Amino acid sequence: MKEFFLENEKFTEDIGRKLGKRLFPGAIICLNGDLGAGKTTITKSIAKAMGIEDDITSPTFNIVNEYTEGNITLYHFDVYRIACSEEMYDIGFEEYINSDGVCIIEWSNLIEDILPEERLEILLTYQDEGRKIALNPVGSKYKKIVEEVTV
């Protein structure tokens, strides 16, 4: 696990861009943490690094937004309003996570029982006057990404 202190939004965006440049087809990113701590900001900067210029918004009521214009398709999930993991199957979750697209899942802790074994877990929390980000790689592909990310 690697942790960084993020003084402001610029630091959050920098981490997101660094991650986005290193992602690969089929990557799974799990975002958790405090409400308003920067999950969507990280997603926006990852998307930008992947060549996606669309306005990225949290898909709270849609569950998933698809962005196909970049180097790799991005599937952005917000599962905050999911009552149980079984609901994810109704939207075709298995097809998304087994595709060549990058899946970013906000509030992934709510569906932990159906997440792929290998993934990059990111925890964003408030700390002092900024935020703390913890990158927890699960699997060798993700360990390599985390090792390469610096602030």
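**Entry 1**

I started with Asp14, which forms a salt bridge with Lys10; the closest N and O atoms are 2.9 Å apart. I am working from a predicted model, so I treat every distance here as computed. Both Asp14 and Lys10 sit in helix H1, residues 9-20, four residues apart, which is about one turn of the helix.

Next I asked what else Asp14 pairs with. Arg17 forms a salt bridge with Asp14 too, with 2.4 Å between the closest N and O atoms. Arg17 and Asp14 are separated by about one helical turn, because they are three residues apart in helix H1. I noted Arg17 as partly exposed, since its relative accessible area is 29%. Put together, Lys10, Asp14 and Arg17 are linked in a network of salt bridges.

**Entry 1: a bridge across the sequence**

How many salt bridges does a search of the whole structure find? I got seven. One that I looked up involves Arg22 and Glu148, whose side chains meet at 3.0 Å, N to O. Arg22 lies in the loop between H1 and strand E2 (28-33), while Glu148 belongs to helix H5 (residues 140-148), so this pair ties together parts that are 126 residues apart in sequence. Arg22 is partly exposed, because its relative accessible area is 28%. Glu148 is partly exposed as well, at 35% relative accessibility.

**Entry 2: stepping back to the whole chain**

I then wrote down the overall layout. The protein chain has five helices and seven strands. Read from the N terminus, the order of elements is β-α-β-α-β-β-α-α-β-β-β-α.

Does the chain's radius of gyration point to a compact or an extended form? A compact globule of 151 residues would have a radius of gyration near 15 Å, and the protein chain has 14 Å, so the two agree. I took the box along the principal axes: the C-alpha atoms fill roughly 40 × 30 × 30 Å. Of the 151 residues in the protein chain, 54% are buried.

**Entry 3: two residues with positive phi**

Most residues other than glycine have a negative phi, so I went looking for exceptions. Ile63 has a phi near 75°, a positive value in a residue that is not glycine. I found Ile63 in the loop between helix H2 (39-49) and E3. Ile63 counts as buried because its relative accessibility is 14%.

Trp107 is not a glycine either, and its phi is positive at about 65°. Its place is in the loop between E5 and E6. I logged Trp107 as buried, since its relative accessible area is 14%.

Val102 lies in strand E5. Is Val102 buried or exposed? Val102 is buried, because its relative accessible area is 0%. I also checked Val102 against Phe5: they are 97 residues apart in sequence and 25 Å apart in space, C-alpha to C-alpha.

Asn109 is in the loop between E5 and E6. With a relative accessible area of 42%, Asn109 is partly exposed. Asn109 and Leu31 are 78 residues apart in sequence, and their C-alpha atoms are 8.3 Å apart in space.

Asp113 also lies in the loop between strand E5 (102-106) and strand E6 (119-127). I marked Asp113 as exposed, because its relative accessibility is 60% and the cut-off for exposed is over 50%.

**Entry 4: a negative patch**

Which residues gather with Asp113 in a patch of negative charge on the surface? I listed Glu86, Asp90 and Glu112 alongside Asp113.

**Entry 5: Thr68**

At 58% relative accessibility, Thr68 counts as exposed. I compared Thr68 with Gly101, 33 residues apart along the chain, and their C-alpha atoms are separated by 8.9 Å.

Conventions:
Residues numbered from 1 in each chain as written. Predicted model: local features only at pLDDT ≥ 70, side-chain atom pairs only at ≥ 80, totals over all residues. Heavy atoms only, no water. Patch = residues over 30% accessible without salt bridge, like charges linked within 9 Å, V, L, I, M, F, W, Y side chains within 5 Å. Areas by Shrake-Rupley, 256 points an atom, 1.4 Å probe, with all protein chains shown as cover. Salt bridge = Lys/Arg side-chain N within 4 Å of Asp/Glu carboxyl O. Lys, Arg positive; Asp, Glu negative; His and termini not counted. Charge placed at Lys NZ, Arg CZ, Asp CG, Glu CD. Buried < 20%, exposed > 50% of the residue type's maximum accessible area, 1.4 Å probe, protein only. Rg over C-alpha atoms; globule rule 2.2 N^0.38 Å.
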